[in-house]
Amino acid sequence: MEERKAIVEIKNVNKIFGENHVVHDLDLTIYKGEFLTMLGPSGCGKTTILRMIGGFEEPTGGQILVEGERVEDKEPFERNVNTVFQSYALFPHMNIWNNVAYGLKMKKVKKEEISRQVAEMLQLVRLNGFEKRYPSQLSGGQKQRVAIARALINRPKVLLLDEPLGALDLKLRKEMQLELKNLQKKLGITFVYVTHDQEEALTMSDRIAVMNQGYLDQLDTPERVYEKPATKFVADFIGESNIFEATISHMTGDTASIGLEVGNALCLLEKGVSYSLSEMVYACVRPEKVLFSAGEAEGFNIKGVVKEQIYVGNIIKSNIIIANGQMVILSRLDIDEVPKVGEAVNIYWNPDDVVLMKSRGYQIHHVIENASLGGD
Amino acid sequence: MKRSYRARNKTIPLLTTVSPVAIWLILLVAAPLLYVLFLSFLSTDGYNVVFLFTLDNYKNLFNPTYLEIYANSFLIAFFTTAICILVGYPFAYHMARAGKRKKTVMMVMLMVPFWTNSLIRLNGWKTLLGKTGFVNTFLQNLGIIREPVEILYTRGAVLLGMVYILIPYMILPLFASIDKLDHSFLEASNDLGANKVKTFLHVTLPLTFAGIFSGSIMIFIPSLGYFFVSDIMGGGKSQLIGNLIETQFKAGNNWPFGASLSMMLIFLILIMVTVYKKSGGDMEDLGVM
Amino acid sequence: MRSRQKKIGRILSSIYSYLVYLFLYLPIFIIILFSFNTSERNIVFEGFTFEWYLKLFDNGVLLNAYGNTLFVGFISTVIATVIGTLASYGMSKYKFKGKGIIDILLYIPVVIPEIVLGISLLAIFNLSNIPMGLTSLIIAHATFSIPFVVFTVNARLAGFDRSVEEAAMDLGAGRIKTFFTVTLPIILPGVISGAFLAFTLSVDDIIISFFTTGPGSNTFPLKVMELTKTGVAPDVYALTTIVFIVTVAVTFITQRDKKKPIKG
């Protein structure tokens, strides 16, 4: 396995705008050549982090290093990173050629060299022939490509992309996702990508950093983020999840029996995490992992009634209502066996299909935060 | 210490962009006005300002001769404003309802007369309205009047001159507010059974009130000071506050009294602008032509 | 029925607007007409002549006054445009103490009567021994023009996407380069119309010039004011006619150019 070299290191960074604490004690290392996505709902601090790396915002505290060199004090034009802006930010008064050439002109590169490189870049984003056009004469997808070409021509160490596909329609988005991913592989440049679209994050990224109210909740590969969400928030935000509040009632080996509000269930304890009896936890089960039977399975007694069924393509989703009124979603392919509407069923699962999360997790931050601000 | 570097880098652009205007405005707007305030409390020996504190200039404001001039001036300002609203509103309404190209043409045609000096244009009116002018000759030829009538050098002529010079300042804000008006409001009102007149009174007029108000301020205030209009059209017979101030600073050579008159005008304007802002007016609307 | 009513309404309102234009243009037509009048007194039109247009070029005082007007207009416009554009840019970009005060000071020249600004400038020039003449005129004109430039550029900056500036800096341009290669070209239409407004106000100004001029430096409006007392000669009308035709032509050309597709 090749050595992973850090290219951007964010060390204990905080950002406060007036009364708003937008980024909390963030530690994050971005490796050379990777495609890292910052994922989270709006207002989670992801764009602020990107802007701090780009040099448009200054951290309130902490350090940011690019290739081992501290950059917090450097202006955007002194950093070897480039940004693709959400609104594209193309220069409306310049044609495409001049837009793309701008960075090289600023570096005072020779004219012939600029011409050669601009041609090469436009070729790369398949926009050759558009040199004389103005941004207002391009479609959304074309503007997007110009923005990328303009940022890449400076050969940045890191390319920062702030929701670059946000303004495009669904079909174009899908195409551009693939195109961006291929471009990144081809060039081997580190991409830091900000989005609130979990599907986009899952398909494109090498790693995903899930942000929640200024905290980094999880930093992992797409598979791990989906399969083993670290917090309730991550489980909720990425994909569909059934999340149960529970307390640990027995532990035998690596299996625990947990008490839900409505019955008991079994689950596997996470490795390397210590649990105590009667500790509050969240048990998270993906809809496709939920099993059902007429009788009780061993170690489980959760009863419910199938309330309705929804067809989504070739998947059938059954909404099962359990005793405390919580809705449990069970999804199956339409060729699989599904319970009937109105039928009473027992719900269970394979203990290793459950992700057990400490209910502290992200909430504990807020307790500390509120305490340190003198309560709300 | 780490933040000081970039903080400094923001100070330099801030200073280069904002300090010229700040210095200019302090030296040439704030300081002069404060100096005039100071002057208004000084005395005069008939030729020069004497550094002797007095309130006489303010007492002098209530001299009956001057009260008559204020009354005349306010009357003209009031009627100028009223006529500008009445004449300007239908015009602005028509302009706002025109197509995009026609709007531009109408707007440009409204601005073109501005580029001919207003004094010259007033002289044009003088030629029209004089005893042997077009209007008198025309009326005589029609047999409506036998002898030429005095049109020029009356209060009416001053009023005409004021309206003529100032009406674009009413039409522009009116046009802006009517143009902004969402047509669906009017349709909704019509739909709800209001007829045209009721729609106008209950929907259009209240919604364009801001335009009427800012236009009125832009007309009422200058018309108190446009002494040259009264000089040309009124032949100096119809005195305005502006003429009074002009006299104090030029022929009369009583700067302290002129200063107190100016302060009175400023006080008046302060009240008007405060009311305007309180009723939700935007200051920037007053400065955009 | 209804459509006929509508049509009549439209015709009536069209007629009305033509009447308003007639009101606005009537004196200008009179001036143009009397610039061709054989009589020196502008009372009755007696006959047609081009004489005044030739005589105009012998009237050094008048031409000198017009030259002063253009000179004062040009210099004060340059000053007001530079200061006003910088101010609008800085004030919209940065937050700082005292911004509110600058805002209020900007509104003052707009809302107070010109005569009050005129006499206060006269008073301060007098106090500070600034020579009364072209210099004092230029300073005075720049003073009342600055706010108008600021407001016009503000309007343009309101629709300006700041991320374009960030993009320029991101691509290696410093603050000054960013301003000149990106910001200024984008806000240029606002700057030009601000400058245009400043020039118009300066050239037409009577009241403030009246108080801030000195002996020997008459502007065209002041010269006209002086002549009004004794009678305006037709050569003044001839000059006005020439200026009017030039401005109309310039307006026509710029308006026609505007119709072409605008880049960006």
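The largest nonpolar core in this predicted model has 134 residues. Those with the most contacts inside this core are B:M162, B:L166, B:I171, B:V229, B:M233, C:I119 and C:L121. Helix 7 of chain B, residues 155-180, gives the core its largest share, 16 residues. Setting aside residues up to four places away in sequence, B:M162 touches B:I76, B:T80, B:S223, B:Y226 and B:V229. Another core lies apart from the largest one; it has 107 residues, including A:A101, A:A149, A:L159 and A:F191.

Let us turn to chain A as a whole. Its secondary structure comes to nine helices and 20 strands. The C-alpha trace of chain A spans about 80 × 50 × 45 Å along its principal axes. Of the 376 residues in chain A, 40% are buried.

Now for the places where chains meet, beginning with chains B and C. Here 66 residues of chain B are in contact with 70 residues of chain C. Several helices of chain B give two or more residues to the side that touches chain C, among them helix 3 (64-96), helix 4 (100-111), helix 5 (118-129) and helix 13 (255-278). Which helix of chain B gives the largest share of this side? That is helix 1 of chain B, with 19 residues. By class, the side of chain B that touches chain C has 47 nonpolar, 15 polar and four charged residues.

One pair of helices lets you see this meeting of chains B and C in detail. Two packed helices are described by the angle between their axes and the distance between the axes. Helix 5 of chain B packs with helix 10 of chain C (residues 220-230) at an angle of about 30°, and their axes are 9 Å apart. Angles under 35 degrees count as roughly parallel, and helix 5 of chain B and helix 10 of chain C are therefore roughly parallel to each other. On the chain B side, B:L119, B:I120 and B:N123 of helix 5 meet C:P221, C:V224, C:M225 and C:T228 of helix 10 of chain C. The residues of this helix contact divide into five nonpolar, two polar and no charged.

Chain C also touches chain A. In that interface, 17 residues of chain C are in contact with 21 residues of chain A. Helix 7 (163-170) and helix 8 (175-204) of chain C each supply at least two residues of the side that touches chain A. The largest share of that side, six residues, comes from helix 7 of chain C. The side of chain C that touches chain A divides into eight nonpolar, four polar and five charged residues.

Within chain C, there is another helix pair to look at. Helix 3 of chain C (residues 60-93) and helix 6 of chain C (residues 134-158) pack at an angle of about 40°, with axes 6 Å apart. That angle makes helix 3 of chain C oblique to helix 6 of chain C. The crossing of helix 3 and helix 6 of chain C is right-handed. Their contact has 17 nonpolar, eleven polar and no charged residues.

Is B:S73 buried or exposed? B:S73 counts as buried, because it has 23 C-beta neighbours inside 10 Å. This serine has its place in helix 3 of chain B. Leaving aside neighbours within four places in sequence, B:S73 is in contact with B:L224, B:L240 and B:I241. From B:S73 to B:S118, 45 residues apart along the chain, the C-alpha atoms are separated by 20 Å.

The other residue is B:H202, which lies in helix 9 of chain B, residues 196-207. B:H202 counts as exposed because it has 12 C-beta neighbours inside 10 Å. Beyond its neighbours within four places in sequence, B:H202 is in contact with B:S189 and B:A194. The C-alpha atoms of B:H202 and B:S189 are separated by 8.8 Å, and these two residues are 13 residues apart along the chain.

Notes. Residues numbered from 1 in each chain as written. Chains lettered and ligands numbered in written order. Predicted model: local features only at pLDDT ≥ 70, side-chain atom pairs only at ≥ 80, totals over all residues. Contact = placed C-beta atoms within 7 Å. Helix = DSSP H or I, 4+ residues; strand = E, 2+ residues; numbered from the N terminus. Nonpolar A, V, L, I, M, F, W, Y, C, P; charged D, E, K, R; others polar. Axes fitted to C-alpha atoms, helices over the stretch in contact; angles between N-to-C directions. Parallel < 35°, antiparallel > 145°, perpendicular 65-115°, else oblique. Left-handed = near helix turned anticlockwise from the far one by under 90°. Core = buried A, V, L, I, M, F, W, Y, C linked by C-beta atoms within 7 Å. Buried ≥ 20, exposed ≤ 12 C-beta atoms within 10 Å, placed from the backbone.
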